[in-house]
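I wanted a quick look at the pocket and the charged residues around it. Here are my notes, in the order I looked things up.

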Amino acid sequence: MNCYTYREWSLNTESMEKQILYKFFEGTASQEEQEQIREWMEASPEHERIFFKERRLFDMMLLLAQEKKTETIQRTFFLPRPLTEWIKIAAVVAITLGISLFYSQQETNEHLMAMQTIAVPAGQRINLMLPDGTQVWLNARTTLQYPVSFGKGERKVELDGEAYFEVAKQGKQSFIVQTGKGKVEVLGTHFNIEAYADTGTFETTLIEGSVRVTSAENPSQSLILHPDSKAVLKEGMFEVFPVDDYNRYRWREGLICFRNAPFETIMHEFEKYYGKTIQIRNQHILKYNYTGKFRQADGIDYALRVLQKDLRFSYSQDDENQMIYIEE
């Protein structure tokens, strides 16, 4: 591998700079190269602007590549659709990625003093790799903030929404997911966390490994979670439940799954996935539970029509206000 001094790098920003930057974005840059990047960024505002521009381009290419991969999997896994419908779905995905994902940077005390934020709109989901190699799936209406490079201390990200993590092990360097209601601390494991700020939920489900969950309001409320169990924060206290059905977490595949779920719970999930507000005027329907799977890409109209085959109700829509009314 070639080594460059800061002076040599500064004199060749067109080729040399991008070479090291992209190694850094991929997580393969050496400690010396990371230090060069830090010095280069601090040298001028123009260098900082170039850094963030290249980072946005790099991440957008990864996200678009992942969407194409996801679409290919969906074509193989599900029943064939008319070509025109797939074109329409692809167009919606492309437009949504173009106008709804945003990136912001802010100063921190970390090594490169830069944080990045990714926000996922309603009706979408995204898979990305963090700088340490951790794989993350973000569900609809989810925001994740993470550093462009993890330092030597703890690896920390901030989450509002739902995400599935496959954390890469890095010795004894812990990985922390901070939410408004609590935090999850791990070394290397697979887990799902739901913590939407607007609903006040904080729920962690452990698939593999072990995690420590801690309440933000009451740090004395802390426990170690073991596989096939989930911790739910209720009125400031953790309750632990066994998990015997992982279909609920197949949202990563674009599936919305329910098992003996109350109708009201299903409607809350639809609100999250489709960005609609659902008002239930038919109180009779609340006594029913439902088990089934829906493909997120089919849309909320299709899901409601499927439910109507088993449950008696009607519905109307107010598109201007993004409202759906469940009627008698």
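This is a predicted model: local features need pLDDT of at least 70, side-chain atom pairs count only at pLDDT 80 or more; totals for chains, interfaces and linings use all residues.

How do the residues lining the largest pocket divide into nonpolar, polar and charged? I get 12 nonpolar, seven polar and 13 charged.

**Pocket.** I looked up the volume, and the largest pocket holds about 1000 Å³ of space. Its lining comes to 32 residues, with E194, E203, R248, T265 and E269 nearest the centre. I then checked which elements supply the lining. β12 (229-234), β13 (237-242), β14 (255-262) and α6 (263-274) each give at least two residues. β14 gives the most, with six.

**K272.** Next I went to K272, which sits in helix α6. Is K272 buried or exposed? I count K272 as buried, because its relative accessibility is 4% and the cut-off for buried is under 20%. I listed its contacts, skipping neighbours within four places in sequence: A122, N139, A140, R141, E162, E194, Y196 and R248. One of them, R141, is 131 residues away in sequence, yet the two C-alphas are 6.9 Å apart.

**K272 and E162.** Side chains of opposite charge can pair when their charged atoms come close. I found a salt bridge between the side chains of K272 and E162, at 2.9 Å from N to O. This pair links distant parts of the chain, with K272 in helix α6 and E162 in strand β5 (residues 155-166), 110 residues apart. I looked up E162 as well: it counts as buried, at 0% relative accessibility.

**E194 and R248.** What is the distance between the closest N and O atoms in the salt bridge of E194 with R248? I read 2.6 Å. E194 lies in strand β8 (residues 190-195) and R248 in the loop between β13 and β14, so the pair ties together parts 54 residues apart in sequence. E194 counts as buried at 11% relative accessibility, while R248 counts as partly exposed at 22%.

**D244 and R259.** I also checked D244, which forms a salt bridge with R259, the closest N and O atoms being 3.4 Å apart. D244 is in the loop between β13 and β14 and R259 is in strand β14, 15 residues apart. D244 is exposed, with a relative accessible area of 67%.

**Network.** Which residues do salt bridges with shared partners join into one network? I noted E162, E194, R248, E269 and K272. My count of salt bridges comes to 14.

Notes: Residues are numbered from 1 along each chain as its sequence is written. Side-chain values use heavy atoms; hydrogens and water are left out. On a 1 Å grid over the protein atoms alone, a cavity is a set of points where a 1.4 Å probe fits but cannot get out, and a pocket is an open set with protein on both sides within 12 Å along at least five of seven lines; lining residues have an atom within 4 Å of a point. Grid points are joined across faces, edges and corners, and a volume is the space filled by probe spheres set on the points. Helices (H or I, at least four residues) and strands (E, at least two) are DSSP runs, numbered from the N terminus. Ala, Val, Leu, Ile, Met, Phe, Trp, Tyr, Cys and Pro count as nonpolar, Asp, Glu, Lys and Arg as charged, and the others, Gly among them, as polar. Buried means under 20% relative accessible area, exposed over 50%, partly exposed in between (1.4 Å probe, protein chains only). Contact means heavy atoms within 4.5 Å. A salt bridge is a side-chain nitrogen of Lys or Arg within 4 Å of a carboxyl oxygen of Asp or Glu.
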